[in-house]
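User: Please go through the salt bridges of this model with me, giving the reasoning behind each answer.

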Amino acid sequence: RSFCDNLIEIAKKIPRSPILEDIKSVEDVIPHLIEVVENYLDAVSDENLIWAFLGLADFYNGQGLYALAQSWYQQSLSIVKSRLGENHPLYATSLNNLALLYDYQGKYEQAEPLFIQALELHRQLLGENHLHTVSNLSNLALLYNSRGKYKQAEPLFIQVLELRKKLLGVNHPQTAQSLNNLALLYENQGKCEQAEPLKIQA
């Protein structure tokens with residue numbers, strides 16, 4: 001258990017988008033994380049269940065090794081489903097992580113239903129005013145924007161902005177990011193007069 005706990009703490013620190021320095025600093029740990037997920041998951045607590053998988057997936061995803069990252073995200077989803085069930089926040093998080101990987105690769109048709117499922121689960125389990133739910137909402141809005149589905153994206157971006165103002169305040173980086181996302185949506189549609197004040201505010 002101590003071996004697993006120490007490695008989980010390292011996995012938690014692997015950035016979602018690691019730079020070369022990050023990759024070099026953890027590459028010797030990767031075989032040990034694989035050992036954890038393949039042989040020692042019984043010693044990992046439920047709350048830390050996905051972290052070894054996420055560390056591995058982010059390590060490979062950050063290098064553009066999407067097939068390897070996808071395998072770890074899918075294994076995370078499978079393990080959470082078998083151990084905690086489909087009606088659990090970590091299952092929703094695992095769905096969202098896999099959807100993000102598809103989204104990064106432009107596989108929007110695969111990503112969309114996973115984003116929607118993750119969003120509905122988080123709404124049901126955590127409520128509308130939870131940051132995980134807001135994050136899922138933002139991811140879905142970004143996907144719609146990428147696909148040119150502006151009418152579907154706009155109300156979601158507005159909802160995310162209002163929720164982040166309420167939950168995090170107006171002087172928070174995520175609120176600024178929401179302002180910028182809404183501005184980009186308007187810019188994509190040639191609505192520069194609506195985009196400009198949002199960009200300035202962001």
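Predicted model: local features only at pLDDT ≥ 70, side-chain atom pairs only at ≥ 80, totals over all residues.

Residues are numbered from 1 along each chain as its sequence is written, and side-chain values use heavy atoms, with hydrogens and water left out.

User: How many salt bridges does a search of the whole structure find?
Analyst: A salt bridge is counted where a side-chain nitrogen of Lys or Arg lies within 4 Å of a carboxyl oxygen of Asp or Glu. Searching the whole structure on that basis gives a total of 11.

User: How many residues apart in sequence are the parts tied together by aspartate 46 and arginine 83?
Analyst: The closest N and O atoms of aspartate 46 and arginine 83 are 2.9 Å apart, forming a salt bridge. Aspartate 46 sits in the loop between helix 3 (30-39) and helix 4 (51-61), whereas arginine 83 belongs to helix 5 (residues 66-84), so the parts they tie together are separated in sequence by 37 residues. Helices here are DSSP runs (H or I, at least four residues), numbered from the N terminus.

User: Is glutamate 109 buried or exposed?
Analyst: Buried means under 20% relative accessible area and exposed over 50%, with partly exposed in between (1.4 Å probe, protein chains only). Glutamate 109 meets arginine 147 in a salt bridge at 3.9 Å, N to O, and arginine 147 is partly exposed at 29% relative accessibility. Glutamate 109 itself has 66% relative accessibility and therefore counts as exposed.

Key:
Helix = DSSP H or I, 4+ residues; strand = E, 2+ residues; numbered from the N terminus.
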